[in-house]
Amino acid sequence: MSWQATLGIYGVMLLATLVGGVGIGISIGLVGIVGITLVAGTDLWLSLGDIVWNTTNNFTLVSIPLFVLMGEVILRSGIAGRFYSGVAVLLRWLPGGLAQTNIIGCAIFSAIAGSSVATAMTVGSVAIPEMRKRGYADSLTLGTLTGGGCLGILIPPSIPMIVYASMTQVSLLDLFMAGVIPGLLMAAIFMAYVALRVALDPALAPRDVERPTSQQVAQAARDVLPVVGLIAAVIGSMYFGVVTPTEAAALGCLFALVLAAAYRVLTRARLMHALVNAAITSGVVMFITINAQILNFAIVTSGVGQGLANGMVDLGLTPFAFFLVLLVVYLVVGMFIDGLSIMLLTVPILYSSFMAMGFDGVWTGIIIVVFIELGALTPPMGLNLFAVQSIASDTRLGAVARASMPFALIIVAFAFLLYAFPGVALWLPSMMKGA
């Protein structure tokens with residue numbers, strides 16, 4: 001059977017199962033098992049046990065439950081709320097005030113949570129009531145939360161990056177370092193947009209003319225610095241080669257528990273809640289990842305991945321044309337499937353095509369993360385839209401989507417920036433190796 005026919009069967013089966021209401025993890029695994037059977041009957045079924053074993057024993061994937069637990073401890077201990085309040089005082093002077101705080105809060109908290117949805121909901125639960133009380137327009141508030149939440153999977157640690165590294169054997173440390181500058185740069189661009197929009201329409205964000213007292217600034221610094229220190233310890237220890245990414249996750253958990261103990265608000269019940277949530281989230285991620293590896297094995301054994309890569313080359317597409325096609329594909333797929341599932345579904349099929357076009361494996365991981373960030377803002381299934389709308393329950397989803405549109409356009413423009421200047425992502429990993 002030709003690779004084109006096999007790919008068509010995969011696509012029809014996947015679409016049919018998803019439309020029929022089957023979960024994404026089960027759908028991917030079922031398609032993979034059928035694909036393996038089409039290639040060699042039941043002879044390769046014995047390999048399924050090896051796939052499960054090798055995936056669950058992947059040292060890189062061990063970091064997922066650790067990073068998730070670190071974020072849960074920070075969230076349940078109330079440190080996230082203190083951090084947001086501190087940032088709000090320190091950034092009061094900027095045009096946009098609390099809107100700028102949303103961007104910075106999401107950017108820094110994302111380095112702990114590693115999840116766009118968790119970041120948007122955590123910051124949003126604190127920000128929306130406060131900003132409405134102070135007279136901020138929802139059209140600005142909601143967009144800064146959904147857009148800022150996207151930074152949650154670009155700034156390390158990032159669960160999609162961990163999964164990508166496990167599937168492609170690209171260095172997770174290089175991926176984490178490659179996400180730092182793009183994540184910070186995107187946050188800066190978001191902030192510049194907010195400042196410009198508020199300058200053009202001051203009614204969107206009332207200017208706080210009251211200057212904080214020295215005592216307020218000192219308290220804000222005490223609330224902000226522990227979280228910043230935690231992030232610096234995790235990322236810095238990886239950059240200087242002190243620990244591996246997985247060891248950095250364990251170090252982050254330890255520091256988070258120390259911080260929570262210092263604040264004396266992490267009760268036994270809250271700790272148990274954090275452990276349960278971390279276990280559930282990690283279990284879901286691992287279940288989908290195992291099934292994605294089964295699909296990956298089917299794609300490799302059937303020759304679909306290599307056939308698609310050769311087909312792209314035979315079409316004579318330039319790398320830029322291929323980039324445009326992928327942007328459209330991820331934009332459309334992102335309207336219906338969550339980001340992690342998109343990563344697990346598309347990377348086995350398209351990674352060989354990226355390599356055939358001459359793209360760097362680390363850069364490819366970053367650009368795919370940017371693409372799935374875009375999917376988090378596009379209806380009807382943009383998860384960040386639902387996350388923020390669940391907090392602002394009196395607001396229609398369409399209003400949240402309209403508030404998010406400028407940030408979606410910025411992400412598209414940023415993807416073109418990364419294409420034109422790949423060094424934005426690759427400079428820091430190269431400097432790390434040079435050091």
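The model is predicted: local features need pLDDT of at least 70, side-chain atom pairs count only at pLDDT 80 or more, and totals for chains, interfaces and linings use all residues. Residues are numbered from 1 along each chain as its sequence is written, and side-chain values use heavy atoms, with hydrogens and water left out.

Ile372 belongs to helix 17, residues 361-375; helices here are DSSP runs of H or I with at least four residues, numbered from the N terminus. When neighbours within four places in sequence are set aside, the residues in contact with Ile372 are Ile153, Pro160, Tyr330, Gly339, Ile342 and Met343, contact being heavy atoms within 4.5 Å. Between Ile372 and Ile181, which are 191 residues apart in sequence, the C-alpha to C-alpha distance is 18 Å.

The structure also contains 2 cavities of 30 Å³ or more. A cavity is a set of points, on a 1 Å grid over the protein atoms alone, where a 1.4 Å probe fits but cannot get out, and its lining residues have an atom within 4 Å of a point. The second largest cavity holds about 30 Å³ of space and is lined by Ala80, Phe83, Tyr84, Gly105, Phe109, Thr122 and Val123. Helix 5 (79-90), helix 6 (98-113) and helix 7 (116-133) are the elements that each give two or more residues to this lining. Helix 5 gives the most, with 3 residues.

Side chains of opposite charge can pair when their charged atoms come close. In this model the count comes to 1 salt bridge, defined as a side-chain nitrogen of Lys or Arg within 4 Å of a carboxyl oxygen of Asp or Glu. Arg132 forms a salt bridge with Asp138, and their closest N and O atoms are 2.9 Å apart. Arg132 counts as partly exposed because its relative accessibility is 32%; Asp138, at 25%, likewise counts as partly exposed.

Leu315 lies in the loop between helix 14 (304-314) and helix 15 (319-334). With a relative accessibility of 63%, Leu315 counts as exposed. Leu315 and Ala356 are 41 residues apart in sequence, with 12 Å between their C-alpha atoms.

Val284, in helix 13 (residues 268-302), has 45% relative accessibility and so counts as partly exposed.

Conventions: Buried means under 20% relative accessible area, exposed over 50%, partly exposed in between (1.4 Å probe, protein chains only). On a 1 Å grid over the protein atoms alone, a cavity is a set of points where a 1.4 Å probe fits but cannot get out, and a pocket is an open set with protein on both sides within 12 Å along at least five of seven lines; lining residues have an atom within 4 Å of a point. Grid points are joined across faces, edges and corners, and a volume is the space filled by probe spheres set on the points.
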